Amino acid sequence: MFAYYLGLALRSLRRSPGLTALMMLAIGFGVAGSMTTYAVFRGVSGDPIPWKSAQLFVPQIDAWGPVQMSGPGARSGTNEPPDALTYADAMALIHDHRGSRQSAIYAVGPTVLPTGTGHSPIPVFGFAVYDEFFPLVDVPFRYGSGWSADDDTQGAPVVVISDTLNQQVFGGANSVGRSLDLDGRDYRVIGVMKPWNPQPMFFDVVDTGGFSSDGPALFLPLQRAIASGMENVGAVNCPKGTQPGAGYAGLQQSACVWLAYMVELDDAAAVQRYRQYLDDYARSQQTIGRFGWPPNNRLRDLRGFLEYQHVVPDDTRVSLLVALGLLLVCLVNTAGLLLAKFLRRSGEIGVRRALGASRRAIHAQYLTEAAVIGVGGGALGLLLTGIGVFGVNRMLPPRLADLAQIDPSLLALTLLVAVLAAVLAGVYPAFRAARVLPAWQLKTH
Amino acid sequence: MDILPILSTLRRHKLTAWLLILEIALTCAIVCNAVFLIGQRLQRMDMPSGVAEHELLQIQVADVTTPANPYARMAEDIATLRQVPGVISVASSNQVPFGNSSSNGNIRLDPAQPQRTLSATTYFGENLSNTLGTRLIAGRDLQPDDFVDVEAAMKALGTGDAKGLPHVTLITQTLARRLWPGQNPLGRLIYLTPTVGLRVVGVLDSLARPNAYDINTAQYTMVVPLRMGASKDQSYLIRTRPQDRAHVLAAALAALKKVDSARVVTTKRSFDDVRRKFFQDDRAMAGMLVWVIVALLIVTALGIVGLASFWVAQRRRTIGVRRALGATRANILHYFQTENFLLATLGIALGMVLAYAINLFLMTHYELPRLPAIYFPVGAIALWLIGQLAVLGPALRAAAVPPVVATRSV
């Protein structure tokens, strides 16, 4: 039966090519506009680590007290604790080790001095972390691995480097065990990552704002970075009217927050226990007089924290809304045109009904015709989406544009949306068309 | 014009007519809001920086080995840059307008007040006003003996010794008006730390902050006389003539390399680049919205063309009868134009309400301002025009229907 309906649909469409083209164009434009924007939106707001984001949590501890508000909460006047941790709190959390894995994190900016003449120094961007960071966020390794807990306690001079840096300095060879000069100090390469640049850079959005065009070039033990005085290029936020003393010693003793923190908690019970632990910790700090206020902690999961930090630009959300509006207009448009087209053919419907076609058959016939228009519009939409994504890539800042890419699932979604949109637009017209009374219709002719 | 016959015809196509009205309403609402959003972006991109934008270059260098005396290195670099032919003036600065990374301070007007009055950005560096080309509108500029080495200031802050701290500051007139509305700011005190107040000695016409995300606070700026040593966070700012920028930049880089060949240049750009980079998101967003508006208007126009053609085809016989009874071609043409005008007007009226509702939604969810009334007529006129243009083709076809159609059977 379907083949017959398809034949009827094609014949009917061929009879009014202009109108058919109009409907397909409308659907094509609507789908392309919304899909292009959606591609950008999904690129920006995508879950960087979907298989694990539900187990990753970011603790926040109020080390400043109720008058010192910070972060996005400060605007709305809610009493949100700072976005990052003080050194004292981060170290206490590391030491107590209540999650299955955890790491404190801050951004460093050393300079790599390649050996041999003719190489110029390379300023790089990386992070100081703990050994558990690598399994925590599933860093992919090409050669070697992360370091051990012992390396952390001893502040061993080891470093995990990116694929890019390995290319630049070692020509892409397996460089595990070789030495790398950072700021004039020797470090032993212990692992080489595969190309890895999660977007957003979820493990330290406070320092990176969520996005960077290149992935992190290296990771090294946090205590080692502090001991060697490696430059801290992350955000340092201090309570009002205070300044940290000079160098790391000053930072470590200050109430300034400069460490990101991430902890892995396996189930709801573990999350509950960790919340309790944070509150107990804050209460103990209150008891010893360090905090003059009751516990005010947060434990957001990764997605919650990214949302709280407004990692997805409002701009992108607004343009997604505008694009959805475009799709809506196209739907209304197609519905109007389909309605006009179908009702015009009441004579034909009358004949078919009189010859014994059931209402259901009329529904099926007209929905098939709508679907054909949808497929045509979808094909056009695919083409326009391609052009749109290409255009967006030329228009958007590179850090966002890289994320907006055409991939097969986006293509499939485009087609699906087009067909659904057309069928949806065809439902009422088909219903109306099937209601035509055969006798009345035949009589007037 | 005969509106009543049009209305009675439309009543027979109620649903299609309403769909068209709905489409026009949605388009109108979205276009009003999108044009408003574009306007917001353009206004932001036009934000004044207060500096001589087409005459400035920014250079940042990172020293591989920290120089023994960063202050001496800074002085040496500046002296070297001054020798470069074509250079008019050289300054060092911790930041540049629209440069993104910024140093900010919490301002108090009374050291004892518990909450800050506001947060302002603080420029440190020598010879800034001259090089940037900011205009002093009251008081005096910073003098060489106002300056204090930043390390000494930090030490003084630690010991609570007021002597090693800077004592004067320049502020923008926007900041002056915000802190002391209607009063003379000269001689008043600003507290960045509880220890010592900075006396306002001069007022700048305008100087934007590096992180000028909010147009209301973009000019909350102070210049504090702190002398910074050479470091990779400091920028050298060079003023030159617009046409000399390219070769002065090249010569300046060569000169800096001559001071220390191992240093790495991390930033080298003109101020035009700074502005372009800072506002690139706004430009991209505005561009995207323009395309969406174009697509929307095209789709709506196509919809109108489609429906009008359909109606013309359906009414061929009626048109023939009218023509046979004495209606002129112009009558038929005007009939369809008026019909479209009526539908568009209804759609626009509905669209205005919708536009307002969408704006309310955006205001509550995305911190957007209220839609100014001026944008409503923009959407209305756009849709009236689009409607009339779209209907012209089908209406002309209708007008071309010969009277003889009336006598033919279908």
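The model is predicted, so local features need pLDDT of at least 70 and side-chain atom pairs count only at pLDDT 80 or more, while totals for chains, interfaces and linings use all residues. Residues are numbered from 1 along each chain as its sequence is written, and chains are lettered from A and ligands numbered from 1 in the order in which they are written.

I start with the contact between the chains. Chain B puts in 48 residues and chain A 42, where contact means C-beta atoms, placed from the backbone, within 7 Å. On the side of chain B that touches chain A, α9(B) gives the most, 21 residues; helices here are DSSP runs of H or I, at least four residues, numbered from the N terminus.

Next, the helix pair. The axes of α2(B) and α9(B), lines fitted to C-alpha atoms over the stretch in contact, come within 9 Å and cross at roughly 160°. The two are therefore roughly antiparallel, a label for angles over 145 degrees on a scale from 0 to 180 between N-to-C directions.

Last, the core. A nonpolar core is a set of buried Ala, Val, Leu, Ile, Met, Phe, Trp, Tyr and Cys residues joined through C-beta atoms within 7 Å; buried means 20 or more other C-beta atoms within 10 Å of the residue's own. The largest one has 106 residues, and Ile27(A), Cys28(B) and Val292(B) touch the most other members. Its largest share, 18 residues, comes from α9(B). Beyond four places in sequence, Cys28(B) contacts residues including Gly347(B), Ala355(B) and Leu383(B).

Methods. Two residues are in contact if their C-beta atoms, placed from the backbone, lie within 7 Å. Angles under 35 degrees count as roughly parallel, over 145 as roughly antiparallel, 65 to 115 as roughly perpendicular and the rest as oblique. A residue is buried if 20 or more other C-beta atoms lie within 10 Å of its own, exposed if 12 or fewer, and partly exposed in between; C-beta atoms are placed from the backbone.
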